[in-house]
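Subject: Structure handover

Hi,

Here is the structure for you to open. My notes on what turned up follow below it.

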Amino acid sequence: MKAADAAPGFRSALARLFTIQAAFTYERMLGVGFGFAVEPMLRRLGRSGGAEGAGAYRAALARQSRFFNAHPYLAALAVGAAARAEIDGAPPERIERLRGALVGPLGSLGDRLIWAGWLPACAAVALLMVAFGARAWAVAVFLALYNVVHVGLRVWGLRQGWRAGVGVAGALAAPGLQRSLELVGPVAALLVGAALPALLGWYPFRARWEVPAAAAAAVLFAEAARLLQGRATGLVTATLVLAVVVGVGVLW
Amino acid sequence: MTGATVAAVVGVGAVAGLDLVSVPQAMIGRPLVAGFLGGAVVGGPLAGLATGAVLELFAFETLPVGASRYPDWGPAAAAAGALAALRGGVWDPAWMAGIMVVALLAAWVGGLGLMTVRRLNAAQLRRRERAVEGGDARALAALQLGGIVRDLLRASLLTGVTFAVGERVARHVAQGWRAPRELADVAVLGTALGVALWSAYRLFGQGTPRRFLAVGTVAGVALAAGLLAW
């Protein structure tokens with residue numbers, strides 16, 4: 001086991017991080033989950049002796065359960081850093097500033113890296129596999145690909161946060177992370193671009209003319225969605241369109 | 001259809017719904033996965049996979065960002081995959097169109113349900129505010145558990161209702177469909193691809209990714225032509 005893994009309660013905190021959004025509220029966002037996740041790493045404070053130690057533990061836990069928001073995977077970085085800062089006895093104001101300062105960057109980074117990059121890339125790989133008849137393997141590969149990065153990010157984040165403590169901002173500038181950010185967008189774009197038309201060749205159409213008809217319908221729909229941007233989501237528009245088509249089909 | 005089958009579908013939907021926010025955010029709730037699993041428990045994994053793949057295209061629009069409201073695809077896809085599998089391997093476009101309308105509505109309702117769960121979480125938090133502010137670890141654990149139980153109930157209920165309503169709607173649509181069935185095929189894949197296309201443009205339509213999106217699209221068209229020729 002590496003030194004960083006030997007942080008008190010590292011494994012327990014890591015397991016708890018998977019539930020960080022379980023008690024999500026609009027007031028504290030991930031705050032309660034943050035406190036729940038960091039708690040095993042703070043127990044050392046309570047063991048440090050008498051009423052003073054117990055008080056320090058309770059004060060730290062209360063502080064760590066206040067408002068926090070970030071991408072759920074990268075919140076691990078903040079949990080590790082906050083735990084280290086508490087154990088090292090950093091002043092409470094400094095710890096609160098640290099938590100506050102991490103909210104924006106961790107949210108933005110996670111959104112770009114995962115929601116707008118890795119997730120669409122993995123989904124596109126799976127859809128390409130479906131198009132080529134991969135069946136259950138498409139699901140297995142999707143879950144494996146996605147979760148290697150997902151779980152890896154949580155482990156890396158907690159470890160780096162614990163190592164860096166209040167200096168955690170440096171971890172965000174890690175060359176590997178920055179390079180991943182540069183690469184993930186183009187790779188996802190390439191894969192998504194390939195997967196969407198490929199599905200026209202997979203769908204069990206009844207007649208050949210349906211292929212260009214579906215492609216034309218898709219382009220028309222995308223243009224309608226662009227025009228309706230800000231007024232209706234694609235989901236709402238698609239539901240209405242399909243409901244009308246079903247009505248027409250039945251009343252024909 | 002037995003009670004055990006319905007329970008299995010509800011179980012898959014519950015796990016898929018729980019995955020989106022509460023635990024573990026491992027994308028078990030993505031339509032491709034939940035649709036496949038929903039179909040598998042009814043004995044038709046491939047029908048479930050195909051339904052999940054179409055719903056996955058709609059889900060490209062969804063970025064589950066923090067406090068924003070977003071659809072919950074897991075329970076909807078699990079129920080839709082199971083409903084597709086009930087057809088016994090026969091691909092009926094009208095049946096599929098009926099399922100899709102119900103599944104899209106269910107995903108939207110699932111997003112509203114998530115907001116309700118969050119408000120209930122807040123109510124529980126207010127009742128335990130003093131304990132949380134006092135650094136009580138047991139209060140935090142109780143809040144986490146409460147949130148998970150509420151989300152599990154939400155997802156189970158949503159899956160059960162979607163499955164029950166969807167079966168009636170799909171049967172009614174399939175039996176009453178009088179237009180050429182090709183219309184349903186074109187509408188289902190056309191709207192799904194349209195949502196995905198628009199979402200891809202929004203995500204990758206600027207800067208370097210835009211060029212990669214264009215190159216990918218050209219490659220995808222060639223792949224589709226190859227698949228059709230094959």
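How many residues does the contact take from chain B and from chain A? It takes 93 from chain B and 88 from chain A, where contact means C-beta atoms, placed from the backbone, within 7 Å.

Before going on: this is a predicted model, in which local features need pLDDT of at least 70, side-chain atom pairs count only at pLDDT 80 or more, and totals for chains, interfaces and linings use all residues. Residues are numbered from 1 along each chain as its sequence is written, and chains are lettered from A and ligands numbered from 1 in the order written.

On the side of chain B that touches chain A, α8(B) (182-204) gives the most, with 21 residues. Helices here are DSSP runs (H or I, at least four residues), numbered from the N terminus. That side has 65 nonpolar, 19 polar and 9 charged residues. Asp, Glu, Lys and Arg count as charged; Ala, Val, Leu, Ile, Met, Phe, Trp, Tyr, Cys and Pro as nonpolar; the others, Gly among them, as polar.

Now the helix pair in chain A. α4(A) (75-87) and α5(A) pack at about 170 degrees, axes 10 Å apart. Axes are lines fitted to C-alpha atoms over the stretch in contact; angles run from 0 to 180 degrees between N-to-C directions. So α4(A) is roughly antiparallel to α5(A), the term for angles over 145 degrees. Among the residues in this contact are A78(A) of α4(A) and L102(A) of α5(A). The contact has 10 nonpolar, no polar and 2 charged residues.

Lastly, A126(A) touches F142(A) and L32(B), among others.

Best wishes

Conventions. Contact = placed C-beta atoms within 7 Å. Helix = DSSP H or I, 4+ residues; strand = E, 2+ residues; numbered from the N terminus. Parallel < 35°, antiparallel > 145°, perpendicular 65-115°, else oblique. Lists of a residue's contacts leave out its neighbours within four places in sequence.
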